[in-house]
Amino acid sequence: MEQTHNAQSNSVKSYWIIWFILLALSVGMIILDQTRSLGRGMLIGILLVGMSVKAWLISSRFMHLKYEKRNFTLILVLSTLILAAFLFGLISVDALNVLHHLSR
Amino acid sequence: METSQATGVTKQSLWNGGVAPFNTGNAKLTIWIFLTGDALLFAAFLTAYAFARISSPAPWPDRAVVFSLPFIALMTFILITSSVTMASAVAASKAGDRSKTKMYLWLTVLGGLIFLGCQAFEWSTLIGEGASMKSNPWGVPLFGACFFGITGFHGAHVLSGVIINAISARRVAKNSDTPETVEASGLYWHFIDLVWVFIFTLFYLI
């Protein structure tokens, strides 16, 4: 009983550490966005990296994907990412085409 | 049963049934299949928003003008904190601590309700300023449709998550819930937080 209680309090402690990191990243991203000290391209790049780190922390630590079978994790993550990337990639090409025609 | 002639090791065939795929239970496997589909739903919404924004010859409304970023930061804080309470509920459930599971589940419900209140306040402020699905005072007409569509769907997910967690808390109180189903509710709640990470960055910051 004491072992499960210790395991539980260790889990909760680690969740609060992840909470702090997520909060720090969010505040950092907002400050970076508000100060507008970086070029637009650099700002977008840094925000996307921050977003990806937060997404990884939530999915691996809160959703416990880190502790699942590797193949299970790969199927879920890769299928979603590849499909989303295809969707965004192809639609963006079309969007740029539309912008080009509308701007003439 | 298959026996390897080279090593003499017997292993259960994965295709004969009776073996949990990837060593996960039914509840977890099913919720993950659902979440993958739901993730692609939001990917489609965000892609449509990307299309509207990239193809628009007129500049997209400046987020600093439209939104109060400190308020959005508060909403993010509430959702991340509710994710911690949800994860703690799952840990307590696995440890067999019913009273802590209930407490953390109700705290998660509270966090969800506060988030929904904040979202409702944000919506009423923007609607009061003239934003709708068809037009808005800041420029590109599709801005309103994108904002209300994406945050509306996310808010609907938060509402259903609140209801699911409340039902889960009541079932834990009656000792009729299992750690697997609490974990499934937890995965849904963390997914909602995950989607907010993307909406927060792609809609409110970029």
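I took a salt bridge as a side-chain nitrogen of Lys or Arg within 4 Å of a carboxyl oxygen of Asp or Glu. The model is predicted: local features need pLDDT of at least 70, side-chain atom pairs count only at pLDDT 80 or more, and totals for chains, interfaces and linings use all residues. Residues are numbered from 1 along each chain as written, chains are lettered from A in the order written, and side-chain values use heavy atoms, without hydrogens or water.

Entry: one salt bridge. I looked up Arg63(B). Its partner is Asp33(A), with the closest N and O atoms 2.8 Å apart. Arg63(B) lies in helix 2 of chain B and Asp33(A) in helix 1 (residues 2-35) of chain A, so the pair joins two chains. I took helices as DSSP runs of H or I with at least four residues, numbered from the N terminus.

Entry: the interface. How many salt bridges cross between chain B and chain A? The rule finds two. I also counted three residue pairs in polar contact between these chains, both residues at pLDDT 80 or more. A polar contact is a pair of N or O atoms within 3.5 Å; within protein, one must be able to donate a hydrogen and the other to accept it, and residues adjacent in sequence count only if both atoms are side-chain atoms.

Next I asked which helix of chain B gives the most to the side that touches chain A. Helix 1 of chain B does, with 14 residues.

Then I looked at area. Chain B and chain A bury about 4,400 Å² between them, 77% of it on carbon and sulfur atoms. Buried area is the accessible area (1.4 Å probe) that two parts lose on being put together, summed over both. Phe22(B), Trp32(B) and Ile54(B) supply 14% of the area that chain B buries against chain A, more than any other three residues.

Entry: aromatic rings. I counted 25 aromatic pairs over all chains. Rings of Phe, Tyr and Trp (its six-membered ring) pair if their centres lie within 6.5 Å; planes under 30 degrees apart are stacked, over 60 edge-to-face, the rest tilted. The rings of Phe42(B) and Phe45(B) have centres 6.4 Å apart and planes at 55°, so this pair is tilted. Both residues lie in helix 1 of chain B, three residues apart, about one turn of the helix.
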